[in-house]
Amino acid sequence: MRIGIASGKGGAGKTMLAASLHSVWPTQHILVDCDVEAPNLHFFAHPHIDQTWTVTLPVPQAVTEACSHCGVCRDICRYGAIAKFGQNIAVFPDLCHGCGGCFAVCQEKALVTGTRELGRIEQGSCGDTAYFSGCTRVGEVMTPPLLRKLLALLPEQTPADVIVDCPPGVSCPAVTVARRVDAMVLVADPTPFGYADFCLAYEAFHALGLPLACVLNRCAMPGNEGGDEKLKTFCQTHGIPVAGEVPFTREAAHALAQGRLLPELSPDWRTRFEQLCANLQRIFGEVQHG
Amino acid sequence: MAELLREIVVISGKGGTGKTSLTCAFAALAKNTLLCDLDVDVPDMHIILKPTPRREEPFMGGNKARIQEELCEGCGSCRDLCQFEAIREQDGHFLVDQALCEGCGVCYSLCPQKAIAFPEALCGHWFISDTRFGPFVHAQLKPGEENSGKLVSLLKKEARALAKSLGATTILCDGSPGTGCPVVSSLAGASLALAVVEPSLSGQHDFQRVAGVCAHFHIPVGVIINRYDLNPEGTEALESLCQKENYPLFGKIPFSGDIPKASQQGLALTELPGPLAGTVETIWQKIVQFQPQAQHILRPMPGKTS
Amino acid sequence: MTVIAISSEGPTLNDAVDPRYGRAGGFIIAKVPEDGGEPTISYLDNGEAQMLPQGAGIVTTEHLANAGVTVVLSGYVGPKAFEALEAAGIGVVQDMDKMSTGEALKQFLDGRCSVASSPNHASGQ
């Protein structure tokens, strides 16, 4: 089973949960960081990296002398990557989304193929857990193609569970990953902002037909009285099982800021996450990959 | 000639650093300012600002491909052309996965049977509203929809036009986390990127990435450290980073239950009596007075394409 | 004929130069006859390009190239827009903001500014 860890709001605690689950997960599993715009799982999981690839997008780079300047490539491009100034065709590879339309319509085969770096993919291990992660190039706006390459690396036929730290939010990067997992854990920050974003995340992922579960993070935060209850009521009304609650403490906040794992803080913390893990396995018990 | 319009975009890199809470607090303090929520994916400013919409408009985002069964002859060229793995064959029929369709229109343009429809989709709504802190431009994208970059650009255009007609001198925007498409769109043309950073390993790492994006677009970056007391070592590291990179450090805010407490009551932080209100006000004054100099504008990253 | 486009906050020579090029609200177009007579002035709206999440400068350049523009006066021209203007064979004068479009035009016609060879660095402050 592939389990995504997602949240509407950024900073709700996805990475904390993914890393904590990894440290208590009872069986063989694979750990994946898909939050490619802000990848942070490595701070907690300390992977040993064996291999790094650069991921590129095939883009039009230039036009050759064969170009008749007919402009059909410009007309099919919806991203403004090809312009026609007077009679001249000019290509702007930075704007390309890689749809391939220009190459398909050019009769003269006059477009030169180049590549644009989208980011990097790393493969390694954390102990006996296989680890994969992606990281977009700073300045690159497109994340879905990198995510598709990253997820394509995962073995299709494997008895091991896969824990995926998803991109935050509910737009294209999050949906790209959500389409490729079997179940989704939504991490909720029970503040008013967190509540609003959680509702949006529920709407987006429920519409994709994914089995969902919720983990409440930073429960009993001082000043946030009533927040936890409101979120639990929403979960109850919408039939989202709550797999666990992670309380707010200054000690935990300090440890997380330094990249330490909560289950390693004390036996109590460990038990809490073991229980959470068992609950998730029960909730998603019937879910198979595919 | 009218004073030039200042555009301040609040960013963070990492989510959940207190970006929106601070934007709302600054909104309460700012004079002659238009407010704008550019975090269109998961907008939250409305929770504090409680806007009264004066104008509501549909946002027609991108187009999405749909195969018209009755015209399709099943040649499969659309599936072969699609670079986004959005078209698949199922029991002899070709289907477009709407969630994966990028809206490039290649299948629509090149289908030999002209069997693909490509209707424009309603992706959300945008609003011009009144709030107790002034006019507010905001939007709501339908969950799971794309084209957030396009919506951000539309909001910025409307905000600029409105600011001009009202004679506002500043546009204060809440940006989105990360470094991708909506962030880049929200930074386009900004005069200051105001980063709310938390002193954690992740917070610093993600801030440095988004600061790199700002450098790429020649936008000066200013910093506020939030919850600085939760990790003093991390705060020290951030302070030396600011000094090294010439990021003006506008101030530091301690961890406080007042932040969730204010949001729970639907108030901006500065509307809640307490010591934080004064801290935030001092920070805002520094931001207002800040005039970026040449050393604040970073050099772009070398090498974009290969 | 020299055709000058000045990024503008409005449709008249009294409006301020828009410091942004690609995302300018519009352009004052000044056609200067060969004999050095009075330029004819018109306005080109650029509203549509402002809606583009990226590549506004490229679309803007297409519009200006179609209008026969030979030189652009603006505040800040980004690297990509600069590349587009070069490809279109349009000259660029930067740092012309903080004045009215009329003043910018006068400075150019008086020969008081130089055409740039690279994008400038300051963003709209």
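Predicted model: local features only at pLDDT ≥ 70, side-chain atom pairs only at ≥ 80, totals over all residues.
**Stop one: chain A as a whole.** Select chain A and colour it by secondary structure, and you will find 10 helices and 11 strands. Its C-alpha atoms fill a box of roughly 70 × 40 × 35 Å along the principal axes. Chain A has 290 residues, of which 63% count as buried. If you then look at contacts within chain A between residues at least 6 apart in sequence, 75% of them join residues that are at least 24 apart.

**Stop two: where chain C meets chain A.** Now show chain C as well, and select the residues on either side of the boundary: 12 residues of chain C are in contact with 13 residues of chain A. Together the two chains bury about 980 Å² between them, and 64% of that area lies on carbon and sulfur atoms. On the chain C side, pick out C:Gln54, C:Ile58 and C:Glu62, which supply 52% of the area that chain C buries against chain A, more than any other three residues.

Next, highlight helix H1 (56–66) and helix H2 (79–87) of chain C, each of which supplies at least two residues of the side that touches chain A. The largest share of that side, 5 residues, comes from H1(C). Coloured by class, the side of chain C that touches chain A shows 5 nonpolar, 4 polar and 3 charged residues.

**Stop three: two cysteines.** How many disulfides does a search of the whole structure find? Over all chains, the search finds 0. To see why for one cysteine, select A:Cys106, whose sulfur is 6.4 Å from the closest cysteine sulfur, in A:Cys73, and therefore too far for a bond, given that a disulfide needs the two sulfur atoms within 2.5 Å. A:Cys106 counts as buried, because its relative accessibility is 10%, under the cut-off of 20%.

Finally, move to chain B and select B:Cys101, where the closest cysteine sulfur, in B:Cys107, is 6.3 Å away, so this pair too is too far apart for a bond. B:Cys101 has 7% relative accessibility and so counts as buried.

Terms used: Residues numbered from 1 in each chain as written. Chains lettered and ligands numbered in written order. Heavy atoms only, no water. Buried < 20%, exposed > 50% of the residue type's maximum accessible area, 1.4 Å probe, protein only. Contact = heavy atoms within 4.5 Å. Buried area = accessible area lost by both parts, 1.4 Å probe. Helix = DSSP H or I, 4+ residues; strand = E, 2+ residues; numbered from the N terminus. Nonpolar A, V, L, I, M, F, W, Y, C, P; charged D, E, K, R; others polar.
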